[in-house]
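My notes follow in the order I took them.

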Amino acid sequence: MFAPSQRDPLVHPPLKLHDVTELVQPQLEQLHGFLLAQVAQFEPEVREPVDYCLQSNGKRIRPILVFFSGWSRDKAIQAELVRIAAVIEIVHLATLVHDDILDQARIRHNCSTVSEKFGPQVAVLLGDALFSQALKLASEFPTVDVCRAVSASTRRVCSGEIAQSLHRSNAAVAIDDYLRIIRFKTAELFRLSCYLGSRIGGYDEEFTTAASVFGLHLGIAYQIFDDLADFVGREDNIGKTLGTDLASGKFTLPLILLLQEVEYEERAALIAQIADQSRSDQRGITMLMDEYGIFERVREYFWREMESADVALSSFPEYISVHHLQKIGSFVKSQIEKLDF
């Protein structure tokens, strides 16, 4: 397991997103154009919120994973990679629309969420419409395997969200339950991006499997970072509403670890406080986490996943895709350096 002193040297100084996207800027521009062209495919009544959603200025990590894992100079392959990146990004955006309703989040990518701007009723149905459009695009590939993979992954993402909703306010949730939830709700699309990218790029099955494992562990690590950021991040740095996990009764890794450390009476008091939102004190809970060394323990889980991601690619040092994927791995590692603790 990585200790804090064993961080990847590429993390210092922290990478900026531009350092990662520079190689695939033409593909990202094509992706943006492809996404905006989808607006006309929707009925006129919903085009405004669809356009608002697809204009998202998020990190586009999943499309970048598609482009890097399927790296090719062949223009025909690049066009296919853009299409599959669009499918996965639309699924991702649909999940964010629904997430923000559940979390009552106001800000996403430094802008008002769809729910905040158009109302939760519109947002629920818009998410459904986006899911449907993504599956339509997936069905247009010449092989049914693409649509089958996208459909299965979309189901897993939704299953992860449902499982997390069922565990809301459940202080007995175990670490294994938490890891299974984030494996589905976040890491699954990272895995799918690497799987379909490498497959469409024409790579062999052995590398496709390795790339998939890399994406899975990268996605788990990214969600662990995100859950840590909810307690110690800054909204102007992270670009979205923070503090929503505690407010919505989600028992994520920092809180699960804290409840394992405190004495019985303090644990009972914390659980009661979290259940009663009028008494919930995120600042006090964050200070308690700091006192018990919870943040360093969460980081250990993060680094363990990143180590597993690196190991997955270690047998393919000669592949150009691996060098690019390692760069986005270093970017994800650098994100934890932005947190204030």
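Entry one, a helix. I am working with a predicted model. I began in helix α10, which spans residues 205-232. Tyrosine 222 and phenylalanine 225 are 3 residues apart there, so about one helical turn separates them.

A search of the whole structure gave me 10 aromatic pairs. Tyrosine 222 and phenylalanine 225 make a tilted pair, with 5.6 Å from centre to centre and 55 degrees between the planes. I noted tilted because planes under 30 degrees apart would count as stacked and planes over 60 as edge-to-face.

Are these two residues buried or exposed? Tyrosine 222 is buried at 12% relative accessible area. Phenylalanine 225 is buried too, at 3%.

Entry two, a cluster. I found Tyr203, Phe207, Phe316 and Tyr319 together in one aromatic cluster.

I found the charged end of arginine 83 over the ring of phenylalanine 141, at 4.2 Å from the ring centre. The charged end of lysine 117 lies over the ring of phenylalanine 118, at 5.7 Å from its centre.

How many disulfides does the structure hold? I counted 0. I checked cysteine 158: the closest cysteine sulfur belongs to cysteine 147 and is 14 Å away, so the two are too far apart for a bond. A disulfide needs the sulfur atoms within 2.5 Å.

I also noted accessibility. Cysteine 158 is partly exposed, at 28% relative accessible area, whereas cysteine 194 is buried at 0%.

How values were computed. Residues are numbered from 1 along each chain as its sequence is written. This is a predicted model: local features need pLDDT of at least 70, side-chain atom pairs count only at pLDDT 80 or more; totals for chains, interfaces and linings use all residues. Side-chain values use heavy atoms; hydrogens and water are left out. Rings of Phe, Tyr and Trp (its six-membered ring) pair if their centres lie within 6.5 Å; planes under 30 degrees apart count as stacked, over 60 as edge-to-face and the rest as tilted. Helices (H or I, at least four residues) and strands (E, at least two) are DSSP runs, numbered from the N terminus. Buried means under 20% relative accessible area, exposed over 50%, partly exposed in between (1.4 Å probe, protein chains only). A charge sits over a ring if NZ of Lys or CZ of Arg is within 6 Å of the ring centre and within 35 degrees of the ring normal.
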